[in-house]
Amino acid sequence: MSSATMTPSQTFDAPKPTLPFTATLASEWTKLVTIRSTWITLSLSLFFSTGITALVSWATGWSWSDLSATDQADFNPILSSLAGSMFGAILFVVLGVNLVATEYASGMIRQTMTVTPRRGRVLLAKVLVVSAVAMVAGVVVNVATFLAGQAVFAAYDLPTASLGDGDAFRSVVLGMAVTAPVLPILGIAMAFLFRSAAIAITAVLAIIFLPSFFGPLIPERWQEDVLAFLPGNASNSIATGNLSDSAMYLDPWLAAVVLAVWMVVFIGGTHLMLNRRDV
Amino acid sequence: MITARGLTKRYGDKLAVDELSFEVKPGIVTGFLGPNGSGKSTTMRMMVGLDTPSAGTVTVHGRAYRDLPAPIQEVGAMLDAKAMESRRTARQHLRWIAQAAGIPRQRVEEVLDTVGLADVANRKVGGFSLGMAQRLGIATALLGDPPVLLFDEPVNGLDPEGIVWVRTLMRQLAADGRTVFVSSHLMSEMQETADHVLVIGQGRLIADATMASFTTRGGGDDVWVASPDLDALAPFLRTAGGAIAPDHNGGALVTGVKAAHIGEIAAMHRITLHELTPRRASLETAFMELTRDSVEYRAEGSGPDGPATQEAARILAGQTKVKEITNV
């Protein structure tokens with residue numbers, strides 16, 4: 001209770017070392033791994049992704065003999081085993097949203113922005129830690145999901161795929177690694193914009209899913225020229241575009257560029273807004 | 001050293017802070033006084049870069065807060081004690097801040113000790129009382145061992161022992177040579193702590209003075225006198241140059257005669273005194289006079305003694321007796 005730990009009568013002119021970006025990065029990492037919802041989100045992602053795939057695969061195996069010869073020939077063990085993958089990945093939105101929205105809810109954002117008044121640093125640190133976690137967790141969940149699907153197919157003597165296959169590795173590992181950060185980054189941007197978890201999650205889902213609801217209703221030429229370039233479809237083009245046929249899919253390299261542009265737009269827009277608005 | 005030049009903040013049509021210019025000097029405690037809604041918190045938020053001024057500047061050692069290379073090692077601020085995530089423990093809360101500021105972990109233990117929270121360091125801050133949260137907020141401000149400290153209403157929610165502790169801490173920090181800037185609406189508290197006062201009302205600076213000269217302005221020589229024979233005493237006091245404002249409690253507030261002199265007069269004329277109290281809490285009076293025109297929520301048509309002004313006095317005076325103030 002004494003002030004003995006305060007340094008008395010010191011000179012205050014000594015220059016302080018400039019705060020490195022790694023300090024901001026480390027503190028955002030601490031926040032992310034100490035938010036309970038992070039671990040709940042990751043567990044649910046694994047549960048739903050593998051669970052839905054297991055169910056869908058089991059249904060496929062069970063009804064296999066009822067399928068027509070064409071349907072049997074069209075069966076793709078990679079794509080079919082990733083049925084649950086999307087449900088798992090959607091949950092990653094929560095990683096980004098909560099790392100921002102909980103701070104606004106508690107008021108802690110003011111502490112964050114006082115410690116690190118250069119707001120772009122805070123934004124970038126949040127983007128990087130969430131992207132890293134989403135990337136690693138996304139791949140782990142997707143591999144588990146893929147293996148669960150293959151195990152069920154094998155049990156029913158259906159064709160199976162192995163991760164060693166080029167297509168399988170691309171979709172299950174590379175595709176997920178590249179696209180897993182997209183939703184959480186959108187979540188960060190929307191949470192900074194709306195300062196509310198519920199609105200931010202709704203906004204991200206609208207950005208991703210509204211086009212695919214309305215997509216089939218509009219002429220195919222527009223699908224190719226417009227919808228294909230939206231973030232959700234660009235993601236799908238990279239992850240599973242090689243496995244199915246749709247006018248809404250882009251060449252994966254083009255899709256990667258399109259996706260990168262979207263990320264720059266969302267992160268850059270959020271940065272501009274953060275610098276203009278009061279905390 | 002904090003320097004404000006024409007500092008202005010506008011929210012839509014409302015002018016929250018109106019062209020404030022002042023300097024806050026090191027080595028002393030500077031009190032920042034004003035009624036609720038007068039722009040104190042907005043001014044402090046601009047000092048740490050949370051709000052951007054609509055016009056003007058505020059700098060610390062000549063630099064805008066956002067341009068400081070190591071912000072919380074230059075300026076420690078306790079603005080909103082409850083702005084923390086309730087699930088974190090006190091230690092965890094300080095640790096992420098230390099991490100973000102590149103401050104060694106050991107310093108967290110030091111400040112926990114300084115503010116007396118070492119025993120509850122592993123308790124979740126959600127269960128903290130306002131007083132404990134205030135102490136944690138003060139610990140946060142001290143974390144970077146900064147030469148400049150800002151405290152927004154630091155004694156809110158503290159028990160008497162805590163208030164004395166904060167007062168001692170502020171004085172100690174100033175004695176170290178630090179710049180200490182403390183806002184409060186508790187006039188009496190400031191009188192015990194601050195060497196210099198800045199007073200604002202409706203966003204405008206209405207006083208920038210040493211505590212001594214500020215309280216003199218409020219008529220710093222009031223004496224409270226209670227006597228069963230007040231009517232007999234009154235003429236002698238008037239002869240001595242005093243002005244007397246009687247109170248229906250059988251006492252009177254005497255201005256212009258020192259307490260010792262009143263006692264001598266009473267003794268000379270064998271008049272019994274029940275109470276003879278020099279009133280040091282005249283900061284309220286000075287404050288009320290200065291802010292009479294700038295209390296924001298005064299009721300329509302109410303004069304200086306109207307109910308809204310009395311309400312303002314009640315808020316401003318904190319624990320002091322409102323009746324006495326409004327009767328001055």
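Which residues of strand 7 of chain B lie on one side and which on the other, and are they buried or exposed? On one side are Thr179(B), Phe181(B) and Ser183(B), on the other are Val180(B), Val182(B) and Ser184(B), and all are buried, where buried means that 20 or more other C-beta atoms, placed from the backbone, lie within 10 Å of the residue's own, while exposed means 12 or fewer and partly exposed is in between. This is a predicted model, in which local features need pLDDT of at least 70 and side-chain atom pairs count only at pLDDT 80 or more, whereas totals for chains, interfaces and linings use all residues. Residues are numbered from 1 along each chain as its sequence is written, and chains are lettered from A and ligands numbered from 1 in the order in which they are written.

**Chain B as a whole**

- Chain B contains 13 helices and 13 strands, which are DSSP runs numbered from the N terminus (H or I and at least four residues for helices, E and at least two for strands).
- Of its 328 residues, 46% count as buried.
- Among contacts in chain B between residues at least 6 apart in sequence, 68% join residues at least 24 apart, a contact being two residues whose C-beta atoms, placed from the backbone, lie within 7 Å.

**Strand 7 of chain B and its partners**

- Strand 7 of chain B (residues 179-184) is largely enclosed by the rest of the structure, because 6 of its 6 residues are buried.
- Strand 3 of chain B (residues 29-33) pairs with strand 7 of chain B in the parallel sense over 5 bridges, and two strands are said to pair if DSSP finds at least two bridges between them.
- Strand 6 of chain B (residues 148-152) also runs parallel to strand 7 of chain B, and 5 bridges join them.
- Phe181(B) in strand 7 stands opposite Thr30(B) and also opposite Leu150(B).

**An open sheet in chain B**

- An open sheet of 3 strands in chain B has the order 2-1-4, with antiparallel pairing.
- Strand 2 (14-24) and strand 4 (55-60) of chain B are the edge strands, each of which pairs on one side only.
- Strand 1 of chain B (residues 2-11) and strand 2 of chain B are joined by 7 bridges in the antiparallel sense, and Lys14(B) in strand 2 is the bridge partner of Tyr11(B).

**Two helices of chain A**

- Two packed helices are described by the angle between their axes and the distance between the axes.
- The axes of helix 6 (residues 92-106) and helix 8 (residues 119-155) of chain A come within 10 Å and cross at roughly 155°, where axes are lines fitted to C-alpha atoms, for helices over the stretch in contact, and angles run from 0 to 180 degrees between N-to-C directions.
- That crossing makes helix 6 of chain A roughly antiparallel to helix 8 of chain A, a term for angles over 145 degrees, whereas those under 35 count as roughly parallel, 65 to 115 as roughly perpendicular and the rest as oblique.
- Helix 6 of chain A contributes Phe92(A), Leu95(A), Gly96(A), Leu99(A) and Val100(A) to the contact, and helix 8 of chain A contributes Lys126(A), Val130(A), Val133(A), Ala134(A) and Gly138(A).

**Where the chains meet**

- The contact between the chains takes 41 residues from chain B and 35 residues from chain A.
- Helix 3 of chain B gives the most to the side of chain B that touches chain A, with 6 residues.
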